[in-house]
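Here's a quick tour of one protein chain, starting with the whole thing and then zooming in on a single residue. Have a look at the picture before reading on.

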Amino acid sequence: MPANHSCCAGCAIPLPSSMTFDPRQRCGSCLLTPPPFHRVVAPWLYGEYLSHIIHQWKFSGERRMTPLLASLWQQRAEIHSPIDLLVPVPLHWRRRWQRGFNQSELLCRQILATSPELDRCKLAHQLVKRRRSTAAQSSMTAQQRAHNLKGAFTVSESCDNLSIAIVDDVFTTGATASAVADALVTAGADHIEVWCLARTPAPDY
Ligand SMILES: [Zn+2]
């Protein structure tokens with residue numbers, strides 16, 4: 001499986017291989033418009049094999065794949081600073097009901113149960129709610145995704161001075177993670193990271 005080893009410190013987009021890699025380096029997009037989170041941890045590229053596993057996991061109800069996916073994340077991810085809360089990206093209640101589970105919440109639970117360095121970190125699966133059902137995003141541009149998600153998330157409690165990791169399966173344009181991060185920043189969060197299994201490469205690279 002292709003690892004995402006030379007990527008932007010802000011959004012984990014793979015950087016062109018011709019560049020001398022510096023782990024603090026940020027892509028043009030993050031320099032121009034800094035995202036509302038400090039970093040994205042996305043240790044794998046969303047290639048054919050991983051997309052197949054994630055698809056089976058999410059859409060065929062193969063929950064038993066959760067430990068495999070969490071261990072893939074743990075193999076390559078580095079936790080740099082203390083995190084207080086893990087927040088799975090919420091599904092709208094209707095989609096959760098149809099699927100029977102929220103895959104990001106499964107991932108959070110498994111990572112928490114098997115990462116000794118997160119022993120003081122808690123799962124906050126009720127903290128962020130998806131206020132409305134949003135249209136499926138797979139065929140939308142980045143701009144359309146951002147518009148689709150504007151105001152879609154609400155936070156139920158104050159997050160003053162908390163360090164939070166938002167957990168999702170795949171990081172594509174970052175529109176979902178940014179919308180959740182915006183809501184958490186408004187609620188007072190101090191440090192926000194996004195933890196995903198995989199990053200989709202930019203179409204140009
Ligand atoms: Zn970037």
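Predicted model: local features only at pLDDT ≥ 70, side-chain atom pairs only at ≥ 80, totals over all residues.

Now for the overall build. You can pick out 7 helices and 8 strands in the chain. A compact globule of 205 residues would have a radius of gyration near 17 Å, and the chain comes in at 16 Å, so the two agree. Here are some values for the whole chain:

| Feature of the chain | Value |
|---|---|
| Box filled by the C-alpha atoms, along the principal axes | roughly 45 × 40 × 35 Å |
| Radius of gyration | 16 Å |
| Distance between the mean positions of the 21 positive and 16 negative charges | 8 Å |

What about the inside? Buried residues account for 48% of the 205 in the chain. Take the contacts between residues at least 6 apart in sequence: 72% of them join residues at least 24 apart.

Time to zoom in on Asn102. This residue sits in the loop between helix H4 (93-99) and helix H5 (103-114). Is Asn102 buried or exposed? Asn102 is buried, because its relative accessible area is 5%, and the cut-off for buried is under 20%. Its side chain reaches the backbone oxygen of Val89 at 3.0 Å. Leaving out residues up to four places away in sequence, Asn102 touches Pro88, Val89, Pro90, Leu91 and Arg96.

Key: Residues numbered from 1 in each chain as written. Heavy atoms only, no water. Helix = DSSP H or I, 4+ residues; strand = E, 2+ residues; numbered from the N terminus. Rg over C-alpha atoms; globule rule 2.2 N^0.38 Å. Buried < 20%, exposed > 50% of the residue type's maximum accessible area, 1.4 Å probe, protein only. Contact = heavy atoms within 4.5 Å. Lys, Arg positive; Asp, Glu negative; His and termini not counted. Charge placed at Lys NZ, Arg CZ, Asp CG, Glu CD. Polar contact = N/O pair within 3.5 Å; in protein donor to acceptor, adjacent residues only side chain to side chain.
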